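Hi,

Here is the model I promised to hand over. Have a look at it first, and then read on for what turned up.

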Amino acid sequence: MAFAAFSSSAVTAEPAPRKKSRIALFLLLPGILYLVLFFLTPLVSLVLTSLQVPREYGDIGQYDYAFNWQNYVQVVSDYWPHILRSFGYALAATVFALAFSYPLAYFIGVKARRWPLLQSLMLVLVIAPFFISFLLRTLAWKQLLSDESFVITSLKALSLMAPDAHFTGTPAAVIFGLTYNFIPFMTLPLFTTLERLDTRYLEAGSDLYASPFHVFRKVTIPLSMPGIVAGTLLTFIPAAGDYVNASRDFLGGADTQMIGNVIEANFLVLLNYPAAAALSIILMTVILVIVGIYVKRSGTEDLL
């Protein structure tokens, strides 16, 4: 009888997990629908568009599906300098942003712990650029670094620049703009990691007669690696696809065009949608490969 009662209770208790799974699925449904509508559907449309070719004897903007790699081969052949330039600029901006952001994040997260007011004030100053439009910030730097600006005229007066030299429209100006605009994306993840750093590890390293440099290299850097990886990803990925800083309307010139500028021109000016879509797919694929290798080599796979 006891066994029968236990069996009957076990049988009646089975539907509970199913009910919970239905509730969980119901709660996840809005998020799933959102991802399908605003991520998966545009991605599929982009892939299909990249497989189109111009319609024979058709008007501009009329295409037929070819389902071959013609567009990919063509855009790589035509725009490989822009692709290399984009990743080169993004890598340089990421390195400079890390070099500037790490000391800043270390001071805010570790040294300023004893002064909460100062720590909060410095965090506000780091976040403050977000209160102004990305475009306005870049346009302001264009004015500050133009040939007639006080900065450039002073550098020329001090013979630090040639009289006929320009700063805007050069690779240095584009990398400068990328670095400035994405420094907050590097600083905040670093601060989040360093703010939780246990300083007793640093004291232990000093007690074991390690130099400050060795403590930094052997203790601080490994413990802050999640923040470094997160910051570099948040900086490199958008910088590689940026088209504002390299635009001739902002800090760039004819010889500094990045892949984002080419995609914009193909979509909005040339109306070559298949080429623009193929470039977008190539950009996303290369970024995913680079990110995967980088995260794997850095030993922070859990960030993915």
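Which residues in α3 meet which residues in α11? On the α3 side they are Y79, H82, I83 and S86, and they meet I259, V262 and N266 in α11. Here, residues are in contact when heavy atoms lie within 4.5 Å.

Before more of that, a word on the ground rules. This is a predicted model, so local features need pLDDT of at least 70 and side-chain atom pairs count only at pLDDT 80 or more, while totals for chains, interfaces and linings use all residues. Residues are numbered from 1 along each chain as its sequence is written, and side-chain values use heavy atoms, with hydrogens and water left out.

**The chain as a whole**

There are 12 helices and 2 strands in the chain. These are DSSP runs numbered from the N terminus (helices: H or I, at least four residues; strands: E, at least two). Read from the N terminus, the order is α-α-β-β-α-α-α-α-α-α-α-α-α-α. Of the 304 residues in the chain, 35% are buried. For accessibility I use relative accessible area: buried is under 20%, exposed is over 50%, and partly exposed is in between (1.4 Å probe, protein chains only). Taking contacts between residues at least 6 apart in sequence, 66% join residues at least 24 apart.

**How the helices pack**

Back to α3 (residues 70-109) and α11 (residues 259-268). Their axes come within 8 Å and cross at roughly 135 degrees, which makes α3 oblique to α11. The axes are lines fitted to C-alpha atoms, for helices over the stretch in contact, and the angles run from 0 to 180 degrees between N-to-C directions. As for the words, under 35 degrees is roughly parallel, over 145 is roughly antiparallel, 65 to 115 is roughly perpendicular, and the rest is oblique. By class, the contact of α3 with α11 has 4 nonpolar, 3 polar and no charged residues. The classes are simple: Ala, Val, Leu, Ile, Met, Phe, Trp, Tyr, Cys and Pro are nonpolar, Asp, Glu, Lys and Arg are charged, and the others, Gly among them, are polar.

Helix α10 (residues 225-240) packs with α9 (residues 212-223) at an angle of about 60 degrees, their axes 4 Å apart. These two helices are therefore oblique to each other. I221, P222 and L223 of α9 make this contact with M225, P226 and I228 of α10. It has 6 nonpolar residues, with no polar and no charged ones.

With α12 (residues 273-298), α10 packs at an angle of about 165 degrees, and the axes are 11 Å apart. So α10 and α12 are roughly antiparallel. From α10 the contact takes M225, I228, V229, T232, L233, F236, I237 and A240, and from α12 it takes L283, I287, I290, V291, Y294, V295 and S298. The class count is 13 nonpolar, 2 polar and no charged residues.

What does the side chain of T187 make a polar contact with? The partner is the side chain of S101, at 3.0 Å. A polar contact is a pair of N or O atoms within 3.5 Å; within protein, one must be able to donate a hydrogen and the other to accept it, and residues adjacent in sequence count only if both atoms are side-chain atoms. T187 sits in α7 (residues 171-194) and counts as buried because its relative accessibility is 2%. Beyond its neighbours within four places in sequence, T187 touches S101, L104, A105 and V126.

L144 belongs to α5 (residues 134-144) and is partly exposed, with a relative accessible area of 43%. Setting aside neighbours within four places in sequence, L144 is in contact with S149 and V151.

Q70, in α3, is partly exposed at 47% relative accessibility. Its C-alpha lies 9.9 Å from that of P274, 204 residues away along the chain.

Lastly, two backbone angles. Most residues other than glycine have a negative phi. S159, however, has a positive phi near 65 degrees; it is found in the loop between α6 (150-157) and α7, and is exposed at 63% relative accessibility. Y209 also has a positive phi, near 65 degrees. Y209 lies in the loop between α8 (199-207) and α9, and it is exposed at 78%.
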